[in-house]
Every structure is written in structure tokens, then in C-alpha cells.
Amino acid sequence: MPEFLEVAIDKFTFRVASDRLYTEEGVWAKMEANGVRVGLSDFLQQRSGDIAFVEVKPVGAHLKTDEEIATIETVKVNVSLGSPLAGRVAETNPLMRSAPEEINEDPYGEGWLAIIEASDWSTDQGRLLNPKAYLSAVKRLAGKEASEP
Amino acid sequence: MSKAKPKVVIVPCSGIGKPYGTVSREAAYIVTEELRPDQTQLVPLSLLVLGDAHARAAITENVAVTINGCKLACSTKMVQESGGTISEDVSVLDVFRQHRELKPLGIAVLNSEGLKLASVIGEDIARRVDELMADAADSSRPRKGASKHA
């Protein structure tokens, strides 16, 4: 189980897992033995709403950094998610077809999207945000939205 | 005086300002006003929240079908807190997942897809109501060979 940083804004609490890196838009990347696992942050899933459908690029697809890795359709919006790294999709989460609500229920665990074989992880990880920096981004974005009428 | 005939109580979520909440209410109206008006009773969630005695009585004296527009499941939680028995817990989102073409949009006025989704849910619930009423009739019918006297 990862440890979390947390911030409470208005009636919401957002958690940031401290064992991975993040894009500004809220896609996380975690280096593991068999590749880099990616998924949505708690903030991004809460902001997007209950997820109805997820479509992840198929195994074997080659992605450039920021190229679309998945689309999610929620009760509020349709979101295109950019890949946090370049590489080949090595595995996708089968639960995304049968139980996409796992993203809402366990965004840092069972609700992962895919595992990518990185083509240049050392470069890509340098442009991602560490947990503290991403927490600051969450505070900024959530604070701005909370103050809007 | 004869005892009131049991009904199935339908409790949609409030979901004000959200299309899926509006779908839950439209589905409840379809069941209680069009499909099974004599077998069902609509109980507004707001009355349960306020602790209205008649609403609570309807919940405790009948089985309930709850309809929720989001995972907060307010109608389910409120019926449980009011001491009710839920025979069917319907999630609008789960039904939408089976009918992707019926994406509900609009809040005060649903789009045609949202209205169709509400109809699908309403028809599912009407079938469930029929089952519940048949079960109730079976359980109240004297068994063959049973005696009135012990």
C-alpha cells in the first residue's frame, strides 16, 4: 500500500500517492519490474465523475509522450488522456472493460490503465511531477475551481 | 376496516442538477404513474430526509425499490436509515453501461436518449414489481392441506 499526501478543499479530500510520478493533467506513472504502470490520480477521477466507459490503446500500440493512451467517458465529460511516457503498451487492465468503476474506487490500485514498456524513461521521468509538486498543482486547480461561482 | 393492500415503494434519488438524477426521477414517474400505478407508491427522498411520518410508514410497511443517479446512493442509504427493506437497488449508471447509445443530457429537460434510458429502467422495475407482487400473493395464499386451526 502506498503512502499518501492529502489535501482537503471545500468538501473534498484529494490523495496523492507518494510512490509515483504525475503529469500535470493527473495521469500517474510508476516504474515496476515489468514496465511502467499508468493510471488516473484521485483528483482527476473525482473531478471527472463516475466513470461509465474506458477505452485503452491495445497491447502492442506504440505511443509517443503525451499521445492519447486512453479515453474515459464519465457522467460529466469525455476525457482524452495523454501518455506520461513513450513506449509500447505491454498490458492493459481487463477490469477497464468489465468494471471501469475501479478507477473511481481504487485509482492507485486496481483501477490502473496499462503497463508500458518505456522507450526513454530517463527522459520522460524528468518531465513528470513528483508527488509534492503534483499536490501543489492539485491545490492550485481545486482551489481555483472551488472559488469559482 | 380492511388492511391497506401492500405496494412496492419506489424511491428515486434527488440528484437535483444532474442528468442521471433526473433520469432516476423520470424512471420513478414512469413506473408509478404509467406502468404500475396501482401496485406502486412514489416516496420522495426529501420527505424521508425530513422524517415525514407517512413516508417512513410507507417505507417500513412495504418493500422498496431504490433508484440512484450516482455512487453516493442517497436513496438507498436513506431507505436503510428509515428502517426499510430494499428489494431492488437500481443504479442509473449501471443501466447506462448496458445501453451506451442512451447518453442522458440535460437537467430540467432530458434529451430523448435520457428519456429512453428512464423508460428502460422503468420497464425493468415494472417487471420486478410484478415479481414482488406475485411473491406477496403466494405467501398470503393458504397452503394446500393447511388447516385454519392448529
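**Exercise 1. In what order do the four strands of the open sheet in chain B stand, and is the pairing parallel or antiparallel?**

Conventions come before the solution. This is a predicted model; local features need pLDDT of at least 70, side-chain atom pairs count only at pLDDT 80 or more, and totals for chains, interfaces and linings use all residues. Residues are numbered from 1 along each chain as its sequence is written, while chains are lettered from A and ligands numbered from 1 in the order in which they are written.

Step 1. The order is β2-β1-β3-β4 (chain B), and the pairing is parallel. Strands (E, at least two residues) and helices (H or I, at least four) are DSSP runs, numbered from the N terminus. Two strands pair if DSSP finds at least two bridges between them.

Step 2. β2 and β4 of chain B are at the edges with a single partner strand each, so one side of each has no neighbour in the sheet.

Step 3. On average, neighbouring strands are turned by 25° against each other, direction ignored.

Step 4. Three bridges link β1(B) and β2(B). Ile10(B) stands opposite Leu42(B) in β2(B).

**Exercise 2. Find the residues that touch the most other members of the largest nonpolar core.**

Step 1. Define the core: buried Ala, Val, Leu, Ile, Met, Phe, Trp, Tyr and Cys residues joined through C-beta atoms within 7 Å.

Step 2. The core has 35 residues; Val9(B), Ile10(B), Ala27(B), Ile59(B), Ile67(B), Ile121(B) and Ile125(B) touch the most other members.

Step 3. Elements of chain B that each supply at least two core residues include β1 (8-12), α1 (19-35) and α6 (112-140).

**Exercise 3. Describe the open three-stranded sheet in chain A.**

Step 1. The order is β6-β8-β9 (chain A), with antiparallel pairing.

Step 2. β6 (51-56) and β9 (78-82) of chain A are the edge strands.

Step 3. Five bridges join β6(A) to β8(A). Ile51(A) stands opposite Thr74(A) in β8(A).

Notes:
Buried ≥ 20, exposed ≤ 12 C-beta atoms within 10 Å, placed from the backbone. Axes fitted to C-alpha atoms, helices over the stretch in contact; angles between N-to-C directions.
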